[in-house]
Amino acid sequence: MTSIERNMDQSPKTSNLAAKTAKVQSSGPSFRRWGRKHPFIRYGLPMISLTVFGAVGLGHLLQGSKDIAKVKDDQEWEIIETRKELSRTGPIDAYKPKKISLEEELKALQEKVDINKYDYKRIPRPSEGKSA
């Protein structure tokens, strides 16, 4: 085989490789040109996607902390209910509010305080200090 025949055999492979390399090298500038033509894709789309994915991620994290807090509250509630059941009066008699009427409260207050007997007490002025 002569050198011309060898070059002819290799030329389709070499030209194929050269074409692929040229295609890869030319895709860079076209991509840059595409970014200059459409600035929304270059700047807006990444910003909006970051915002959306960030909100979804934060929501996922917050939901996890809410689930943990709910489990903790449920455990505390079970402890309280268990204590009520173990008390002497039982859970039914655990809380009995007193019936309060305004008349009874007024009578109790009148017994404690007599508004006809009181003493005047002088309050010292700030300029006098504690010289009493």
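Which helix does Ile 48 lie in? I looked it up: Ile 48 lies in helix H2.

**Ground rules.** I am working on a predicted model, where local features need pLDDT of at least 70, side-chain atom pairs count only at pLDDT 80 or more, and totals for chains, interfaces and linings use all residues. Residues are numbered from 1 along each chain as its sequence is written, and side-chain values use heavy atoms, with hydrogens and water left out.

**Fold.** I counted three helices and zero strands in the chain. The order from the N terminus is α-α-α. For these elements I took DSSP runs, numbered from the N terminus: helices are H or I with at least four residues, strands are E with at least two.

I then checked burial. Of the 132 residues in the chain, 2% are buried. Buried means under 20% relative accessible area, exposed means over 50%, and partly exposed is in between (1.4 Å probe, protein chains only). The chain exposes about 13,600 Å². Carbon and sulfur atoms supply 61% of that area. The areas come from the Shrake-Rupley method with a 1.4 Å probe; for residues, only the protein chains shown count as cover.

**Record check.** I looked up UniProt next. Its unreviewed entry places a "transmembrane region" at residues 40-62. UniProt positions are in the numbering used here, feature names are shortened, and annotations may be inferred rather than shown by experiment. In the model, residues 40-62 are 100% helix and 0% strand. The end C-alpha atoms of that stretch are 31 Å apart.

**Nonpolar patch.** I found a nonpolar surface patch of about 810 Å². Its members are Trp 34, Phe 40, Ile 41, Leu 45, Ile 48, Val 52, Phe 53 and Val 56. H2 gives the most to this patch, with seven residues. Patch residues have over 30% relative accessible area and no salt bridge; like charges are joined within 9 Å, nonpolar side chains (Val, Leu, Ile, Met, Phe, Trp, Tyr) within 5 Å. Ile 48 is partly exposed, at 46% relative accessible area.

**Charged patches.** I listed Arg 32, Arg 33, Arg 36, Lys 37 and Arg 42 as a positive surface patch. Helix H1 (residues 3-37) gives the most to it, with four residues. Arg 42 lies in helix H2 and is partly exposed at 46% relative accessibility. A negative surface patch gathers Asp 73, Asp 74, Glu 76 and Glu 78. Glu 76 sits in helix H2 (residues 39-86) and is partly exposed, with a relative accessible area of 42%. I counted Lys and Arg as positive and Asp and Glu as negative, leaving out His and the chain ends. Each charge is placed at NZ of Lys, CZ of Arg, CG of Asp or CD of Glu.

**Salt bridge.** How many salt bridges does the structure hold? I found one. The side chains of Arg 122 and Glu 128 form it, at 2.9 Å from N to O. The cut-off is a side-chain nitrogen of Lys or Arg within 4 Å of a carboxyl oxygen of Asp or Glu. Arg 122 is exposed at 60% relative accessibility. Glu 128 is partly exposed at 32%.
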